Amino acid sequence: MTSVPFQNPYDFFSSCFDQAKAAGLPQHDSMVLITATKDARPSGRMVLLKGVVFNQDFRFFTNYESRKAGELIENPRAQLLFYWPHLGRQIRVEGAIEKLSAEDSGAYWNSRGRGSQIGAVASEQSHPLDSYEAMETRVAELTRSFEGQPIPRPERWGGFALKAEYFEFWEDRVNRLHERFTYQREAGKWKIGRLWP
Ligand SMILES: Cc1cc2nc3c(=O)[nH]c(=O)nc-3n(C[C@H](O)[C@H](O)[C@H](O)COP(=O)(O)O)c2cc1C
């Protein structure tokens, strides 16, 4: 087998992620989430990584009525893409998508500040908005109506988990002779390989 820094891709990912965090890179926890419709029309956007469960999944939160969620529900597969330029490191993670339980979504909801909670209640993410003022008015109304009370999580807001089946680690090297490692989940084990750059 080819020599690799880690036998398990979650350990490899954690090591890179921790380095990005320690280096103080801005938005080190942001990633591109790539989805596609059933008829294979792709779309990508940034989201924040909000948790990694070892050998299990990668978690993020959003509006379940957004464009991304619609695509994830009709075609439950996605790719996550990380890039930390200062580390010369790119990582792809691919897999199947599942909605998080109401319990897990609720636990994260309760950890968010009130401002973000009101924003999430107000937002019809990805749907047409008449004016910025219309949004400000809705936020002001919600802020008044929830004064002094907890803000319940709307059913249309919650998390997704990407169950990783494939990882690809890319490391910048001189003369574009970059190093690439792949990890493919096969029969409960990680099969490790290399790719030409
Ligand atoms: C750095 C960064 C982080 C973001 N994090 C999130 C996030 O965690 N969840 C989310 O729903 N949108 C997040 N957004 C906004 C999304 O990129 C996107 O505009 C929004 O989710 C609507 O996407 P959609 O219409 O494809 O569903 C983030 C944007 C940026 C630039």
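**View 1. Strand β1 and its two partners.** β1 and strand β5 (residues 77-84) pair in the antiparallel sense, with three bridges between them. Helices (H or I, at least four residues) and strands (E, at least two) are DSSP runs here, numbered from the N terminus, and two strands count as paired if DSSP finds at least two bridges between them. Look for leucine 33, which stands opposite leucine 80 in β5. β1 also pairs with β2, again in the antiparallel sense, over seven bridges; there, valine 32 has methionine 46 as its bridge partner. Five of the seven residues of β1 (residues 30-36) are buried, so the strand is largely enclosed by the rest of the structure. "Buried" means under 20% relative accessible area, "exposed" over 50%, and "partly exposed" in between (1.4 Å probe, protein chains only).

This is a predicted model: local features need pLDDT of at least 70, side-chain atom pairs count only at pLDDT 80 or more, and totals for chains, interfaces and linings use all residues. Residues are numbered from 1 along each chain as its sequence is written, and side-chain values use heavy atoms, with hydrogens and water left out.

**View 2. Two loop residues with positive phi.** Most residues other than glycine have a negative phi. Alanine 40 isn't a glycine, yet its phi is positive, about 70°. You'll find alanine 40 in the loop between β1 and β2, a hairpin with five residues between the strands. Alanine 40 is exposed, with a relative accessible area of 59%. Glutamine 27 is another non-glycine residue with a positive phi, of about 50°. Glutamine 27 sits in the loop between α1 and β1 and counts as exposed at 55% relative accessibility.

**View 3. Arginine 45, a buried charge.** Arginine 45 belongs to strand β2 (residues 42-48). The residue is buried but has no salt bridge; glutamate 71, the nearest side chain of opposite charge, is 4.2 Å away. A salt bridge needs a side-chain nitrogen of Lys or Arg within 4 Å of a carboxyl oxygen of Asp or Glu. For charge, Lys and Arg count as positive and Asp and Glu as negative, while His and the chain ends are not counted. The side chain of arginine 45 does make a polar contact with the side chain of serine 43, at 2.7 Å. A polar contact is a pair of N or O atoms within 3.5 Å; within protein, one must be able to donate a hydrogen and the other to accept it, and residues adjacent in sequence count only if both atoms are side-chain atoms.

**View 4. Around the ligand.** The ligand is surrounded by 13 residues, the closest being Arg45, Met46, Thr62, Lys68 and Ser126; a residue counts as near if one of its heavy atoms lies within 4 Å. A backbone N or O atom of methionine 46 is 2.7 Å from an oxygen atom of the ligand. For arginine 67, a backbone N or O atom lies 3.3 Å from a ligand oxygen atom. Lysine 68 uses its side chain instead: an N or O atom there is 2.6 Å from an oxygen atom of the ligand.

**View 5. Phenylalanine 17 in helix α1.** Phenylalanine 17 lies in α1 (residues 9-22) and counts as buried at 16% relative accessibility. Not counting residues up to four places away in sequence, phenylalanine 17 touches His28, Asp29, Leu49 and Trp84, where contact means heavy atoms within 4.5 Å.
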